[in-house]
Amino acid sequence: MSQPAPHSVSVEIGGRTLALETGKIAKQANGAVVARYGDTVVLATACMENKPNEKDFLPLTVDYREYTYSAGKIPGGFFKREGRPSEREILTSRLIDRPLRPLFPESWRNETQVVGMVLSADSENDPDVIAVTAASAAVYCSDLPFTKPIAAVRVGLLNGQLVANPTVAEQKTSLLNIVVAGSEDAIVMVEAGSLEVSEETVADALQFGHDQVRKIIAVIRELHSKINPSKVEVAPLPFDQELAKQIERQYGERLHDALDTAKYPKKESYRRVGALREELLATIPEEEEERRQLADRAFERLREKYFREDILHRHRRPDGRAFDQVRTITCEVGLLPRVHGSALFTRGETQALATVTLGTKEDMQRLDLLFEEEAFKRFMLHYNFPPFSVGEVKFLRGPGRREIGHGALAERALLNLLPPEADFPYAMRLVSDILESNGSSSMATVCGGSLALMDAGVPIRSACAGIAMGLVVEGDNAAILTDIAGAEDHYGDMDFKVAGTRTGITALQMDIKVGGITIALMRQALEQARKARLQILDIMDQTLSSARATISSFAPRLFQLTIPTDKIRDLIGPGGKKIRSIIEATGVKIDVMDDGKVHVFATNGDSAEAALQMIREVTATAEVGKTYLGKVVRLAEFGAFVEIFPGTDGLLHISEIAEQRIRDVRDELKLGDQVLVKVLSIEGNKIRLSRKALLREQRDKQRRETGGRQ
């Protein structure tokens, strides 16, 4: 019997309490859970349509939103309400979707939606992993056919110690940032970025994270027992065994042959398989829709059966490679003449064109984050997957969730290898256009991106390569596959992408479709991935092993100087008028830092030197004892005011104009005269100048040169 609502449970994770509550708000949803961790509060809801649809796949939609009110902010810009999801919101939606999707029944066809909303953000506890746990609890504690709860934690590495759910501030110094999602008996998803951490440390973090996950799942089950929901019954997909056997007898040999990508290229293999499917369906009248569907399902399962039998029992991959063999790799750099850096990376039938563009501070992306007042992104990696890369015809649209996710993974792999902004103050945009695809285009992006950055002259700490691993498992029989191609990704049980340098791992992403994959098996996969990564790095090094000494002649070159901080206002001018005039006159770009550093970016030295000279004139500061060529701008009875540089005048007293005594300033000077003067003293804003001192020094010098003769 269920108990009266609301219901709540709690558990301590990482020294803070995670509380889950249901039955108080959003009660018309099929399931709704509010998760609180510190002062961060996330609402997750789950809803379903009452009837299945006609689609032959799981129609699951996951949406996650971070409302600015949760952090006490009003959205910036003209429209004062949230618009399309940000990149972070899209990535978190994927973080929720990936571990949940494989745990729904294969036959579930009702439209299903999971929504995560951040209601309160305390700037310490990241809501993304809380949203994954809350979403799982909402689905599990509802009547949806979801019977295996999962949970998620973030694992950090601080001062050599693994910690659960490091704070937002701690994440910035952590050597490891890994999100582990799992059920009681297995890890189902991993998303990680790290600072060249070893495989052994990553495996330890996975074990540590899974231990924390089990603690959370225990209280989710406790919450479920308080509600005791009745689950929707879902019948398995209909399957005709006799029809399947008939199809295997009639088409099996030809299908097995068509799947051999060692014999046929991917496109030809797919064409042959498609032709066989059409031949099969042509034997069944169109009005027998149900039988056609059963035949199509049997054909697809036969295709999967051959793949798995070949791997596990015949120890043969579709293209004939050894389990640890990487496909043929070719690399080329500098192939595009006008871009700042370029590389073409080809591995088998996967090809990525990576290009790098260098920019200035104004090219950096401004981020509107819950946790920070203002943040800028200096490195942007954009991944594009045009339809021709897989021989398809589709509309070219903006990037979808998959493209954003792949780009974020590759960006995370390269980000920590970039030079500090103080040493290389450029904005960097890396674009990866996938020109061909047959598995692991995101890891090809990492390899091509690393080469393109070095070709652009970006002094990255080390070259970086990525490899996609796969796993096929059945009971105690398991096969780990290196550099998986399309079919191995589709029919395998794990998609495991690892990127890193010779020293260690910089990014990792894992999606597991089945349970029972042990940490020991993951350690083996990590080691096999390490060997492949080193092999790829050896090939990349033969093309380009380090960053070029100079950047492209078409890239903006950096010239810098330092001005007094109290002169920053003078350089910028009222409403930015002065700095704009310098930019318009010289065609350069200028970045002014709070500490007085000024960066001038120009494509030619003459423009840069002209801009630097104008900046020096605007921001110059008088120095005692230094000589200046000034201009007389005002005359008075007691002396003349001389402008020693624009905007800065000094007083040349009548007694300091000439060596002899003069009665009238106008006897020696007139407006507009150019005159050499020496700074005698500076008192506040008052500068005392002398011409007499320079005349005396000149006379003394002449006397020394003539031996004292007059």
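**Questions on strands, helices and a buried serine**

User: What is the strand order in the open sheet of three strands, and what makes two strands a pair?

Analyst: The open sheet of three strands has the order S22-S24-S23, with antiparallel pairing. Strands are DSSP runs (E, at least two residues), as helices are (H or I, at least four residues), numbered from the N terminus. Two strands pair if DSSP finds at least two bridges between them. This is a predicted model: local features need pLDDT of at least 70, side-chain atom pairs count only at pLDDT 80 or more, and totals for chains, interfaces and linings use all residues. Residues are numbered from 1 along each chain as its sequence is written, and side-chain values use heavy atoms, with hydrogens and water left out.

User: Why are S22 and S23 called edge strands?

Analyst: Strand S22 (557-562) and strand S23 (589-592) are the edge strands: each pairs on one side only. S22 and strand S24 (residues 597-602) are joined in the antiparallel sense by six bridges, and the requirement is at least two. Within these strands, arginine 557 stands opposite alanine 602 in S24.

User: How do you know that S28 pairs with S29, and what lies between them?

Analyst: Strand S28 (residues 674-683) and strand S29 (residues 686-690) share five bridges in the antiparallel sense. The two strands form a hairpin with two residues between them, and glycine 684 in the turn has a positive phi of about 65°. Valine 679 stands opposite leucine 689 in S29.

User: Why is serine 389 called buried?

Analyst: Buried means under 20% relative accessible area, exposed over 50%, and partly exposed in between (1.4 Å probe, protein chains only). The value for serine 389 is 6% relative accessibility, so this residue counts as buried. Serine 389 is placed in the loop between strand S16 (379-384) and helix H8 (401-415).

User: Which residues does serine 389 touch, not counting residues up to four places away in sequence?

Analyst: Serine 389 touches Ile434, Leu435, Glu436 and Ser437 under that condition, where contact means heavy atoms within 4.5 Å.

User: How do helices H1 and H2 cross?

Analyst: The axes of helix H1 (residues 87-100) and helix H2 (residues 127-140) come within 10 Å and cross at roughly 40°. Axes are lines fitted to C-alpha atoms, for helices over the stretch in contact, and angles run from 0 to 180 degrees between N-to-C directions. The residues of H1 that meet H2 include Leu95 and Ile96, and those of H2 include Ala131 and Val132.
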